[in-house]
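Here is a short report for a reader meeting this structure for the first time. Please look over the sequence and the model before reading on.

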Amino acid sequence: MKYEMNCGLETHVELATETKIFCSCTTRFGGAPNTHCCPICTGQPGVLPFLNKKATEFAVRAGLAVGCKVNTVTHMDRKNYCYPDLPKAYQISQLDKPLSYGGFIELDSGKKIGITRIHIEEDAGKLVHERGNTFVDYNRGGVPLIEIVSEPDISSAAEAREYAEKLQLIMRYIGVSDCKMQEGSMRCDVNVSLCPAGSGKLGVRTEIKNMNSLSFMEKAIEYECERQAEILDEGGVIEQATLRFDEHTGETYVMRTKEDAQDYRYFPEPDILTVIIPEETVERIKSELPELPFDKMRRYTDELGINAKNARLMCRYKNLCLWFESALSYGASVKHSVNLITGVIFSFLSTEENKEKFDLNLTAAEFAKLVKYLDEGKITVSVAQSALLQMLQSGKCVNEFITEDVLLGTSDGELEKICQDAIAANPQAVADYVGGKEKAIFALYGFIKRATQGKADMNKVNNILSELLNK
Amino acid sequence: MMGISEKEFAMLARLARLEFDGERKQEFMSEFEEIINFANAVNNAVAGDTESIKDTGGDNVMFEELREDTVKESLPNEKITSGVTPVNGYFTVKRVVK
Ligand SMILES: [Zn+2]
C-alpha cells in the first residue's frame, strides 16, 4: 500500500452514576421529556454546579484501569459553543488538567495503543427534529461522561475495532459504565489521516463523529481511508473536516470544516473550585480495582488450563466469570464446568444482553453439585446436559433431576451386569466381533443403551466390554 | 432601561479581540442592552436559601467534600418549561440543520 493510515479514537463513555455530574437529578435513561431537570442542568442564571464525587471516582478508576497516571490537582474548563442542546451555551469539560493521562490498551498482537488522556465532562441534551421543527429534551443534559482520547497509533479498521472492544470490556468490568453503543452510553469519534508509507509524518486528519456501532465504525474508517487515498492519488489535498457517516449509503459526508480548540474559547470554569484528590484516595481506588479481563484470561489459560478460545469467550462476561469461580470454590471441576457453561448455558442465554446480565435461576452451588456428579462418573455428559437445561428452565435444584434411578443405571457394578447381559443376548454379534468384524459391537452398544435409557457412560462400557470379550 | 455606551462597547470589543463593522456594532449594542436588563432582573430576584451553603473558604475543594451521588427530586416539567411555550413537554427552538 502506498499510504499508511493513522487513526485515533475519542470515546465518550456515560458513567453509571445515579445523579448527574453537577446536580442531583437522576441519570435514568428515558422518561418524559424535561422531567429529569432542575435549574442547574438547564443552565438557569445564578445557579452553582456541584461536582459529583462518584463521577470523579469513576473517572479516576477508568484511568487507573488503563494504566493512566492521575492528576491529583485538577480543574474544569468551559468549552464555549452555541447549540440548542447546551442550555448554557458552553459545556463544562476539562482542557489542560484532565483527570488522568498517559495509559494504553494492548492489542492481541502485543501492539500498544496509547491513551493520551481521560477527562470528565457533561453530556448535552437531545434534539428531536420533526416536521420542520426542532424540539429539545434536557433529560440527558448533565449526565456525566468521560472522554477517552487515544494516540493516533491505530493503523487499520480492525485494530480500531479491537481497541474499542477492549476498552468497552474494561469499562464494563470495572463497573463505571454499561457501554451500550446502541443506547448511546458509548460513542466513538474517529480521526483518520493518511501519509505516504514509511514517511512517519502525520497527514491532515478528518474526524468522523458519533459512531454508535463497531461494525459501522469499521466501515466508516475503510471508506474514509479509500476516499482520502483517491484524493491524494489525484494530487489533491485533504481538507481538515468533521464528517458524518451515513449508515445507509456507507459513505462519509462533510458536516463542517473542522474547528480548532481555539474556536471553543476554552477558559477555566469559575463556578467550580480546583479539585484535590489525595494520593491515599488514588491508592484506595487502585486497590479496589477488580481483576481486569485480560489478566483473568491469562489466569484462566495459564493456571486453570482452559483453552484460549473458551477463556476468551467466558471472560467477555464478568458476571459469568464470578459465578464460574464461585462454582469452582464449591468443588466443581474446571473442565466439566467450562464445557457445560460454553455448551448448555451459553445456548440457553442466547443473546449478548442475557450473557452480559447473567441473571440465572440457578446458584453456583447447585451447579457445582451437578458438575461433581459428572466429575465422580456418577452420570454421563448427556444426562448432565439435559439435567442442567431443566434446572435452568425450572429453577429447581439438582436432586429433582438426578434421581437414584439415573445414578443406578451407571454404577460400575450395574454397568458390568448389563454388559454381561448384552453379551449373553447377542451370541452371533459377539462371535462376529471376536472373529474380526469390529462393527458387530454396535449390537451390544444398542442393547446397553436401551437397558440404561441412554444414561451409560460409553467410555466405561467400552472398557468393560473389551475386558469381558478378551477374557 | 440601561444601555451601553459606544466607548464601553469599544473597550469590550478590544478585550475580546473582536472587530465589528457599523451594522454589526449596532446589532450587538442592542443585544447588550437586553443582556444587561436580563442580568438586572436576576439581581432583583429574591434569593433562595443561602444560609445552608457552606463557605468553602478557599480556592480548592477536597475530593471527600464533593457532592454525594444521591438523587433528589427534579422539578416538574411545568416549572422547567414555565418561561417558554413548550410542545409536548419539549422546548422548541429555531430549526437547526441535522
Ligand atoms: Zn439537574
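**Domains**

The model is predicted. Chain A is divided into domain 1 (3-284), domain 2 (291-400) and domain 3 (412-469). The C-alpha centres of domain 1 of chain A and domain 2 of chain A are 36 Å apart.

**The interface of domains 1 and 2**

Between domain 1 of chain A and domain 2 of chain A, the buried area is about 920 Å². Carbon and sulfur atoms give 66% of that area. On the side of domain 1 of chain A, A:Leu169, A:Arg172 and A:Tyr173 lose the most area to domain 2 of chain A. Together they account for 63% of what that side buries.

Nine residues of domain 1 of chain A contact 13 residues of domain 2 of chain A. Two salt bridges are counted between domain 1 of chain A and domain 2 of chain A. A:Arg312 forms a salt bridge with A:Asp108, and the closest N and O atoms are 3.1 Å apart. Four residue pairs are in polar contact across the interface of domain 1 of chain A and domain 2 of chain A, both residues at pLDDT 80 or more. Helix H2 (residues 157-173) of chain A gives the largest share of the side of domain 1 of chain A that touches domain 2 of chain A, with five residues. By type, the residues of that side of domain 1 of chain A are five nonpolar, no polar and four charged.

Is A:Met217 buried or exposed? A:Met217 counts as buried because its relative accessibility is 0%, and the cut-off for buried is under 20%. A:Asn6 has a relative accessible area of 18%, so A:Asn6 is buried too.

| Residue | Element of chain A | Relative accessible area |
|---|---|---|
| A:Met217 | helix H3 (residues 214-233) | 0% |
| A:Asn6 | strand S1 (residues 3-14) | 18% |

Residues up to four places away in sequence are left out of the contacts of A:Met217, which include A:Leu9, A:Ala160, A:Arg161 and A:Cys188.

Which residues does A:Asn6 contact, leaving aside neighbours within four places in sequence? Among them are A:Pro152, A:Ile154, A:Asn191 and A:Leu202. A polar atom of the side chain of A:Asn6 lies 3.4 Å from the backbone oxygen of A:Pro152.

Conventions: Residues numbered from 1 in each chain as written. Chains lettered and ligands numbered in written order. Predicted model: local features only at pLDDT ≥ 70, side-chain atom pairs only at ≥ 80, totals over all residues. Heavy atoms only, no water. Domains from an automatic or database assignment. Contact = heavy atoms within 4.5 Å. Buried area = accessible area lost by both parts, 1.4 Å probe. Salt bridge = Lys/Arg side-chain N within 4 Å of Asp/Glu carboxyl O. Polar contact = N/O pair within 3.5 Å; in protein donor to acceptor, adjacent residues only side chain to side chain. Helix = DSSP H or I, 4+ residues; strand = E, 2+ residues; numbered from the N terminus. Nonpolar A, V, L, I, M, F, W, Y, C, P; charged D, E, K, R; others polar. Buried < 20%, exposed > 50% of the residue type's maximum accessible area, 1.4 Å probe, protein only.
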